[in-house]
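User: I'm new to this one. Please walk me through it, and spell out the terms as we go.

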Amino acid sequence: MKSFYARALAAVLALTLVGCGEGGIQSPQFTPELVEIVVTPASASVALGESVQYSAIGRFTTPPGSAQPTVDQRLDKVTWSLSDTARASIGSGGRATTKAQTAGTALVVTAARDGVSGTAALTIGPPRLTQLVVTPAQASIALGTTQAYRALGIYTNSPDPQELAGGTVVSWNSQHPAVATVSPAQGLQTVATSQATGVAAIVATTPNPQGGTLSANASLSVGSAMLEGLMRLEPPLATVAIDNTAHFQAIGRFSDGTEQPLADSQINWSSADTAIAEIAPSTGVATGKTRGSTVITGALKAGVPSNTANRSAAGTLNVTFKGCTVPLRASNGATVASEVDDTCLLCNVENAGQIIDGDDANFASLQVSVGLLLGEVSVTVSAPPGQSFNKDESAAFVIGRPVGQLISAEIASQLSISTLLGGQPTGDSSGPMTPLAIGLLGTAVMGDYSADTALLLLKTTKPYDAMRLTFSSGLLTALTDVDVFAACGDAVEPAP
């Protein structure tokens, strides 16, 4: 009988299991061992600015003879880490928050405890559009005038409205077309044209990445002020590169004292010299044809009433070198400085100010000596105060050499471009990893000087507000002089 009770008690002790929190299931003769950590989700993809919660599951051994060799249990006490803390951070609770996005590269999320670890993947995608914004939100215009609108977006990486990402499709409509109509119906910008006095809601919509649509609206009030006459064109002076366009707008003065842009449908447009630039008669969009300057005139159409004789206004369009989309001019506040290395004997920079004087026939001359190892000269052109250029807006100089001295790849060995921001180098400069692009522009024919010209271009990766052109000497100097016609805050390489 005693033998029976002893065997029964041993069986009860062997089968009695006690839960011990994260330690898994234990018995008096057995201690579970953590053998694996599983991180969930195994792979996550989130937009820049968003976060994702990870969890750690511990896999523990079970007593001999159990039906399953291991048992899973959530782990609350693990050490979390990331393979790149510059791109994301992770808290002690396993929530990962994104900081920076690199396309196509996944981070490794690791959970570790007691010498055991598990991993998961985190892919950071581009910021996600969460809200559409229309600017201006409110506007008041006179009957017969227009109002321009622009769509912006709020993304997961910032609470501030910013330019919409490329490829975003925005549709526009007026909820009160009898008061105002919009055109174009699609695009990042549109123009509302008044039709009658009243209030109209201007609405922009775009597909929501999460499904459905995002929308935003603005309020437009149309008053009954009468047009007094045509005051001026905006801009009064525009500069474009060959084959590029500039949009002129006629500004009218009204009986209530306001000045507002007039609808293009009310204006006849013309160019004094169509060989230099042509302008669409009904849209105010001028296209540069060849280098030079022409007068652009906007005149009220015969059927448009006004209270004064001021029915036309004029502006000037300068057409500059092909590919130089934003020439820097002294008239707009740009400045230039030159520097000559003390070791560069007989080196010189002449007429540096002519790089930004607005006359494409004028140029600065950079000169270095033959046979020097370290000598160099440079010119630095700075944008107007408060203006800077975004990354990917290429910095460029238009250079030239007298006819017969060809511009070729030899230039890359002696000329370099670098960019600055706030007086400090940005790190973008031409070199072995960032070669200069050279686009030949043909022969300059303006003024008394004739030269073969080229656009020397550096594709940038960081914002900048100044650019420096350096002309270096060398033991086997191929060039001893080069002429600089213009500096371009943004440029595109011309087609061959």
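User: What's the relative accessible area of Thr461?

Analyst: Thr461 comes out at 47%, so it counts as partly exposed. The scale calls a residue buried under 20% relative accessible area, exposed over 50% and partly exposed in between, using a 1.4 Å probe and protein chains only. Keep in mind that this is a predicted model, where local features need pLDDT of at least 70 and side-chain atom pairs count only at pLDDT 80 or more, while totals for chains, interfaces and linings use all residues. Residues are numbered from 1 along each chain as its sequence is written, and side-chain values use heavy atoms, with hydrogens and water left out.

User: Where does Thr461 sit, and what's it in contact with?

Analyst: Thr461 is in the loop between β40 and β41. Strands here are DSSP runs of E with at least two residues, helices are runs of H or I with at least four, and the numbering starts from the N terminus. Skipping neighbours within four places in sequence, Thr461 is in contact with Lys391 and Asp428, where contact means heavy atoms within 4.5 Å.

User: OK, next: Thr470. Is that one buried or exposed?

Analyst: Thr470 has a relative accessible area of 10%, so it's buried. It lies in strand β41. Not counting residues up to four places away in sequence, Thr470 touches Glu376, Val377, Ser378, Gln414, Leu415 and Ser416.

User: And what does Leu469 touch?

Analyst: With neighbours within four places left aside, the contacts of Leu469 include Leu366, Val377, Phe397, Ile399, Leu415, Leu456 and Val484. Leu469 also belongs to the largest nonpolar core, which has 31 residues. Along with Ile355, Leu366, Phe397 and Ile399, it touches the most other members. A nonpolar core is a set of buried Ala, Val, Leu, Ile, Met, Phe, Trp, Tyr and Cys residues joined through side-chain atoms within 4.5 Å.

User: Which strands supply that core?

Analyst: β34 (364-367), β35 (376-382), β36 (395-402), β37 (415-421), β40 (451-458), β41 (466-472) and β42 (481-488) each give at least two residues. Apart from that core there's another, of 25 residues, with Leu233, Ala238, Ala246 and Trp269 among them. As background, nonpolar side chains tend to be buried together in soluble globular proteins.

User: How many aromatic pairs are there?

Analyst: The count is 3. Rings of Phe, Tyr and Trp (its six-membered ring) pair if their centres lie within 6.5 Å; planes under 30 degrees apart are stacked, over 60 edge-to-face and the rest tilted. Phe321 and Phe485 have ring centres 5.9 Å apart and planes at 65 degrees, so they're edge-to-face. They're 164 residues apart, with Phe321 in the loop between β31 (312-320) and β32 (335-340) and Phe485 in strand β42. Phe321 and Phe485 are both buried.

User: What about Phe363 and Phe485?

Analyst: Their ring centres are 5.3 Å apart and the planes sit at 45 degrees, so that pair is tilted. Phe363 is in the loop between β33 (348-350) and β34, 122 residues from Phe485. Ring pairs link Phe321, Phe363 and Phe485 into a cluster.
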